[in-house]
Amino acid sequence: MGSHAAPHHRRRALVTSAGLVLVAAFLGLPRADGAPDSADACRTTGASLPRGDCGPFWQVLAEDFNGDRVPLGAFSDCDHHVDTSAAYCAGLSGKFRDNWWAYPTGWLDTANSRGRDVVGVYHPEDTVSVGPAADGDGRMTVRMWRPADGGPVHAAALVPRAVMQMKYGKYSARIKVTKLAPGYKSAWLHYGGGCEMDHPEGEWTGSLTAFHHPCGGGEQGYFPGSDDWTEWHTVSTEWTPGHVRFFVDGRQTGHDTRGVPDRPLSWVLQNESALEGLGAAPGSSAQLDITWVAAYAYGWK
């Protein structure tokens, strides 16, 4: 599987015709205290991990990383039952082995199929760790880097096992780029069978956006979410029959009904080398922190 590439899904020439691009930004109605109500199903407005079921969604994963330590090197030997719900990383133990998988070392990132001068290779063993930040907050850290000799970027794509190959659901996380450098990006996504939902996506030096690529083709839905990856944001995707909705900090930023997937897909927290702008400089690094992740099944009860 060393020649495996991430999905061939990035085009990123933004179409501006209103007939071709869907752009939506909806603010929640204000509460009595003047703050906006969240529009997402869990009414998530704060920084804390949401716990419990909400609306039609049944929570199957709630991880705040507090009290946990997973050192660099543990996300290793991940080439077992790849891309299935039985996938695992043999270097992990306990709940992290039960709950997480990563694209194995040696798989190629998306830039390899895009003719970029700087490309990436997945290396979860030297990019992903879990532990407390300086303030004691537990975090999963993704520190991507490019060797000083100019080799490929070391990238990371993480997959929560609880929602691998699941149809519909709600997928949320609180994230921040805590070290910025040109040439690094995220594209967290569900994809397969000609369908794709990306949220959040974008070069870390640019804006945080969502994209929807309807099953069977058609123009992409493009939904701006935030101008700055270096602030804390809560991002959510709600995927239900015939609908996909995107949220940033409780604000609905996009909604599409065209060609919404109706098949099981996995949630891939994909972080990789940039597809636009400058490539990562030799010896550079950039870091994304995740302070919690929550995921929900749809209509299981």
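**Before you start**

The model is predicted, so local features need pLDDT of at least 70, side-chain atom pairs count only at pLDDT 80 or more, and totals for chains, interfaces and linings use all residues. Residues are numbered from 1 along each chain as its sequence is written, and side-chain values use heavy atoms, with hydrogens and water left out.

**Stop 1: the whole chain**

Show the cartoon. The protein has one helix and 16 strands. These are DSSP runs numbered from the N terminus: helices are H or I with at least four residues, strands are E with at least two.

Now colour by burial. Of the 301 residues, 53% are buried. Buried means under 20% relative accessible area, exposed means over 50%, and partly exposed lies in between (1.4 Å probe, protein chains only).

Next, think about contacts, meaning heavy atoms within 4.5 Å. Among contacts with a separation of 6 or more, 70% are between residues 24 or more positions apart.

**Stop 2: the largest nonpolar core**

Select F75, W100, W101, M140, L158 and I290. In the largest nonpolar core, of 64 residues, these touch the most other members. A nonpolar core is a set of buried Ala, Val, Leu, Ile, Met, Phe, Trp, Tyr and Cys residues joined through side-chain atoms within 4.5 Å.

Centre on L158. What is L158 in contact with, leaving aside neighbours within four places in sequence? The partners are F75, W100, W101, A102, V128, M140, V142, W267, V268 and L269. Apart from this core lies another, of seven residues, including C42, L49, C54 and A294.

**Stop 3: the disulfides**

A disulfide here is a pair of cysteine sulfur atoms within 2.5 Å. With the bonded cysteines numbered in sequence order, the pairing runs 1-2, 3-4, 5-6.

Go to C42 and C54. Their sulfurs are joined at 1.9 Å. Both cysteines lie in the segment before β1 (57-63), so the bond ties together parts that are twelve residues apart in sequence. C42 and C54 are each buried.

Move on to C78 and C89. This disulfide has an S to S distance of 2.1 Å. The link is right-handed, with 105 degrees about the S-S bond. C78 and C89 both sit in the loop between β1 and α1 (94-99), so the pair ties together parts that are eleven residues apart in sequence. C78 is buried at 4% relative accessible area, and C89 is buried at 0%.

Finish with C195 and C215. Here the sulfurs are 2.0 Å apart. The torsion about the S-S bond is about 120 degrees, so this disulfide is right-handed. The pair links distant parts of the chain, 20 residues apart: C195 is in strand β9 (residues 195-203), and C215 is in the loop between β10 (208-213) and β11 (221-226). Is C215 buried or partly exposed? C215 is partly exposed, with a relative accessible area of 23%, whereas C195 is buried at 7%.

**Stop 4: the cavity**

Rolling a probe the size of a water molecule over the atoms shows where empty space is left. On a 1 Å grid over the protein atoms alone, a cavity is a set of points where a 1.4 Å probe fits but cannot get out, and lining residues have an atom within 4 Å of a point. Grid points are joined across faces, edges and corners, and the volume is the space filled by probe spheres set on the points.

The count is one cavity of 30 Å³ or more. The largest cavity has a volume of about 30 Å³. Select its lining: W188, L189, H190, M197, D198, H199, T237 and W267.

**Stop 5**

Zoom in on W267, in the loop between β14 (251-256) and β15 (269-273). W267 is buried, at 3% relative accessible area. W267 and D198 are 69 residues apart in sequence but 9.7 Å apart in space, C-alpha to C-alpha.

Now select L265. This residue also belongs to the loop between β14 and β15. L265 counts as buried, at 2% relative accessibility. L265 and V163 are 102 residues apart in sequence and 8.4 Å apart in space, C-alpha to C-alpha. Beyond four places in sequence, L265 touches V163, M164, Q165, M166, H190, Y191, G192, M197 and W239.

Technical notes:
On a 1 Å grid over the protein atoms alone, a cavity is a set of points where a 1.4 Å probe fits but cannot get out, and a pocket is an open set with protein on both sides within 12 Å along at least five of seven lines; lining residues have an atom within 4 Å of a point.
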